[in-house]
Amino acid sequence: MTTSPELEDLTLESMRDRLGALKGRERVAERLLASSAKHSFDPDQELDWDAPFEEGKWFWPPELLSLYDTPLWYDMSDEQRIDLSRHEAAALASLGIWFELILMQLLVRHIYDKPYTSQHVRYALTEIADECRHSMMFARAIRKAGVDVYPVSRLHQNLARVFKTISTTPGSFTATLLGEEVLDWMQRLTFPDERVQPLLRGVTRIHVVEEARHVRYAREELRRQMMTAPRWERELTRLYSGEFARVFSVAFVNPRVYSDIGLDRKEAVRQVRASAHRREVMQTGARHLTEFLDEIGVLTGIGRRMWRQSGLLA
């Protein structure tokens with residue numbers, strides 16, 4: 001006999017972890033659908049794509065740039081620093097599209113065998129529509145900036161191809177949160193920053209507002225999975241999590257950015273890796289996520305060691 005989503009909610013809501021009682025899928029989805037109805041945007045209509053960029057404004061906050069506070073940074077002219085921000089913003093937008101393409105495929109897999117009329121599935125489809133708009137918005141911003149797309153390495157492209165094919169549900173949602181939350185933290189600092197180009201501020205504002213729902217959905221589902229999945233699946237999730245953190249930390253800045261603005265690529269990469277400021281930025285951006293993953297039992301054993309190796313966890 002098939003259990004209705006509502007009855008399943010009542011059965012599981014009595015379960016608790018360190019964060020408290022588990023919330024029912026349908027109740028969470030209903031709230032997120034209501035938020036989607038009130039706070040969704042069409043970037044093509046919402047943003048002024050025809051306005052020229054403003055002279056002297058950044059494309060990303062300087063403190064969030066990979067080379068900030070390195071010896072190379074102090075050797076660069078103001079014009080070269082702003083150009084770095086233009087290329088790094090394009091590289092991050094390219095990375096964002098890559099993440100969202102993976103996320104959309106994982107979400108489709110997640111709902112494939114769920115009740116099609118449930119609110120949980122309806123919200124997943126709503127999120128996929130959001131991610132489609134985000135990917136098109138990021139691509140349009142890259143074109144507007146006059147910069148080529150920065151694809152991830154072939155190794156990371158193929159690793160992701162394997163991951164999204166074989167990943168279990170909790171592994172999928174752990175990777176989803178890693179792809180969303182560090183960028184979200186950076187974008188929350190970007191959209192109110194008046195030093196940044198208005199178009200980029202608008203892009204990040206839309207993404208932050210809509211991504212908040214996606215993070216809530218993924219967090220609630222990952223909590224559910226870590227409480228109900230078999231032990232082998234939870235252990236595999238810890239390994240997935242650590243390996244994806246290592247991939248993410250490497251893929252976060254494309255080294256081609258440096259040579260594209262006239263810097264020595266190897267030296268720039270060396271200085272970024274040695275930068276205490278950069279390490280603090282990445283760990284601060286990941287802290288909200290790592291605290292959550294620790295609370296629900298993902299950051300244990302070898303997985304925790306892999307997170308430390310990634311540089312995202314102190």
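I started with Asp50. Asp50 is exposed, at a relative accessible area of 70%. Here buried means under 20% relative accessible area, exposed over 50%, and partly exposed in between, with a 1.4 Å probe and protein chains only.

A note on the source: this is a predicted model, in which local features need pLDDT of at least 70 and side-chain atom pairs count only at pLDDT 80 or more, while totals for chains, interfaces and linings use all residues. Residues are numbered from 1 along each chain as its sequence is written, and side-chain values use heavy atoms, with hydrogens and water left out.

Next I placed Asp50. It sits in the loop between α3 (43-46) and α4 (71-75). Helices (H or I, at least four residues) and strands (E, at least two) are DSSP runs, numbered from the N terminus. I also checked Asp50 against Val28: they are 22 residues apart in sequence and 39 Å apart in space, C-alpha to C-alpha.

Then the cavities. A cavity is a set of points on a 1 Å grid over the protein atoms alone where a 1.4 Å probe fits but cannot get out; lining residues have an atom within 4 Å of a point. Grid points are joined across faces, edges and corners, and a volume is the space filled by probe spheres set on the points. I found three cavities of 30 Å³ or more.

The largest cavity holds about 180 Å³. It is lined by 18 residues, and the closest to its centre are Trp60, Ala89, Ala93, Phe138 and Leu200. Two or more lining residues come from each of α5 (78-111), α6 (119-144), α8 (169-190) and α9 (198-228). The largest share, six residues, is from α5. I sorted the lining by class: 13 nonpolar, four polar and one charged. Nonpolar covers Ala, Val, Leu, Ile, Met, Phe, Trp, Tyr, Cys and Pro; charged covers Asp, Glu, Lys and Arg; the others, Gly among them, are polar.

The second largest cavity holds about 130 Å³. Of its 15 lining residues, Phe99, Glu100, Thr176, Gly179 and Glu180 are the closest to its centre. Again α5 gives the most, with six residues. By class I get eight nonpolar, four polar and three charged.

Last, α10 (residues 231-251). Its 21 residues reach 30 Å from first C-alpha to last, close to the 30 Å expected at 1.5 Å a residue. That expected span is 1.5 Å times one less than the number of residues. Buried residues of α10 include Glu233, Arg238, Tyr240 and Phe248.

Technical notes:
On a 1 Å grid over the protein atoms alone, a cavity is a set of points where a 1.4 Å probe fits but cannot get out, and a pocket is an open set with protein on both sides within 12 Å along at least five of seven lines; lining residues have an atom within 4 Å of a point.
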